[in-house]
Amino acid sequence: MNVHTVSRPICIIGLGLIGGSLLRDLHAAGHPTFGYNRTTSRAEEAREEGFDVSSSLTETLARAEKEGALIVIAVPVPGFPHILDRIANEAPSCGFTDVASVKSAILQAVKERGLEGRYVGSHPMAGTADSGWKASTTGLFQGRAWVVCYDQLEEGDVSDAWAALWGDVAHMAGLVGAEVIPTLADSHDAAVARISHLPHVLAEALSVVGDNGGALSLSLAAGSYTDATRVAGSKASLVRAMCETNAPKLIEVLDEALELLQGARNDLAGDQPSLEELVDAGYRSRIRFDARSGLRPVLRVHPGADGWVSILRQAEAIGSRVEVF
């Protein structure tokens with residue numbers, strides 16, 4: 001098996017930006033893929049474009065069970081309890097993953113239903129400010145990080161079936177051009193609070209401050225404002241769902257950011273106004289990010305082989321991508 005091989009059909013539940021883009025890429029790669037979207041008109045649009053899509057969740061899950069598909073949950077976080085219950089009842093032998101931007105809360109919901117033996121959490125670090133089927137596109141995941149969690153390995157022995165499921169989730173990510181990075185759910189949530197959820201909060205605040213300046217401020221707004229506020233154009237319910245679900249981790253980094261901002265304010269309010277400390281530190285941090293961009297080290301792993309958990313731990317510690325064979 002190589003990085004471009006998935007051993008089972010893929011069933012995608014929810015065809016918004018991420019689920020729809022995944023459907024497009026898997027279809028383009030020639031992999032057997034079908035999906036569900038609850039909005040009948042959107043499902044019809046997808047079918048008219050040549051995709052195998054239904055607006056019946058019952059029929060879709062029955063088909064997934066019959067074909068032994070890998071189910072990908074791609075609905076907003078508030079919809080997870082319902083989908084998990086439906087999978088438990090209507091696709092009881094299917095392995096499944098998800099693409100949510102929080103992992104600990106989802107894992108807990110899975111455990112509450114006793115489904116952890118056939119679940120592997122995942123999260124593609126890709127997206128735009130747009131949402132819905134019409135926003136989906138091919139190539140969204142190319143070269144992007146795709147987290148694949150391995151918490152069950154840390155909690156004890158896992159079955160061969162779970163190891164194979166982990167491998168298929170990783171292979172699916174590779175099939176659409178993403179780079180697999182293994183993490184634990186808690187580590188993932190701490191990281192995305194810093195580089196995804198906090199930027200959303202700051203973008204919202206910057207949008208409000210700019211708007212409060214009135215027509216002149218908005219007429220003068222250029223690149224620094226538009227770049228910094230881009231994600232404030234995301235659907236409000238989606239932003240709330242991911243940030244509120246990750247509240248403990250987000251509060252920690254929000255406090256860190258507020259401390260930096262308060263320090264900058266104090267420095268500006270002194271006899272010799274200065275932003276030297278914050279600007280210099282920010283510049284150095286950005287340079288380190290630019291230097292690392294696109295240069296993720298690579299480790300190779302074979303799911304189920306002796307010592308594979310040690311490789312995943314090492315990869316997480318250094319932010320490495322893994323190639324699965």
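Colleague: Let's start with Tyr150. Which residues does Tyr150 touch, not counting those up to four places away in sequence?

Modeller: Tyr150 touches Trp162, Trp166, Pro182, Thr183, Leu184, Val309, Leu312, Arg313 and Glu316, leaving out residues up to four places away in sequence. Contact here means heavy atoms within 4.5 Å. Keep in mind that this is a predicted model, where local features need pLDDT of at least 70, side-chain atom pairs count only at pLDDT 80 or more, and totals for chains, interfaces and linings use all residues. Residues are numbered from 1 along each chain as its sequence is written, and side-chain values use heavy atoms, with hydrogens and water left out.

Colleague: Is Tyr150 buried or exposed?

Modeller: Tyr150 counts as buried, at 1% relative accessibility. The cut-offs are under 20% relative accessible area for buried, over 50% for exposed, and partly exposed in between (1.4 Å probe, protein chains only).

Colleague: And where is the place of Tyr150?

Modeller: In the loop between β8 (145-149) and α6 (151-154). Those labels are DSSP runs numbered from the N terminus: helices are H or I with at least four residues, strands are E with at least two. Also, Tyr150 and Ala185 are 35 residues apart along the chain, and their C-alpha atoms are separated by 7.9 Å.

Colleague: Switching to Glu179. In which strand is Glu179 found?

Modeller: Glu179 is in strand β9 (residues 179-183). Glu179 is partly exposed, with a relative accessible area of 22%. Leaving aside neighbours within four places in sequence, Glu179 is in contact with Gly143, Arg144, Ala145, Trp146, Arg296 and Arg321.

Colleague: What about β10, which residues are on its covered face?

Modeller: Leu299 and Val301 are on the covered face of β10 (residues 298-301), while Val298 and Arg300 are on the uncovered one.

Colleague: How many bridges join β10 to β11?

Modeller: There are 4, and β10 runs parallel to β11 (residues 321-324). Strands pair if DSSP finds at least two bridges between them. Arg300 has Glu323 in β11 as its bridge partner.

Colleague: Last one: which residues form the nonpolar patch on the surface?

Modeller: Leu260, Leu268, Leu275, Leu278 and Val279, with about 400 Å² of accessible area together. Areas come from the Shrake-Rupley method with a 1.4 Å probe, and for residues only the protein chains shown count as cover. Leu275 lies in the loop between α12 and α13, and Leu275 is partly exposed, at 35% relative accessible area.

Technical notes. Patches are made of residues with over 30% relative accessible area and no salt bridge: like charges are joined within 9 Å, nonpolar side chains (Val, Leu, Ile, Met, Phe, Trp, Tyr) within 5 Å. A salt bridge is a side-chain nitrogen of Lys or Arg within 4 Å of a carboxyl oxygen of Asp or Glu.
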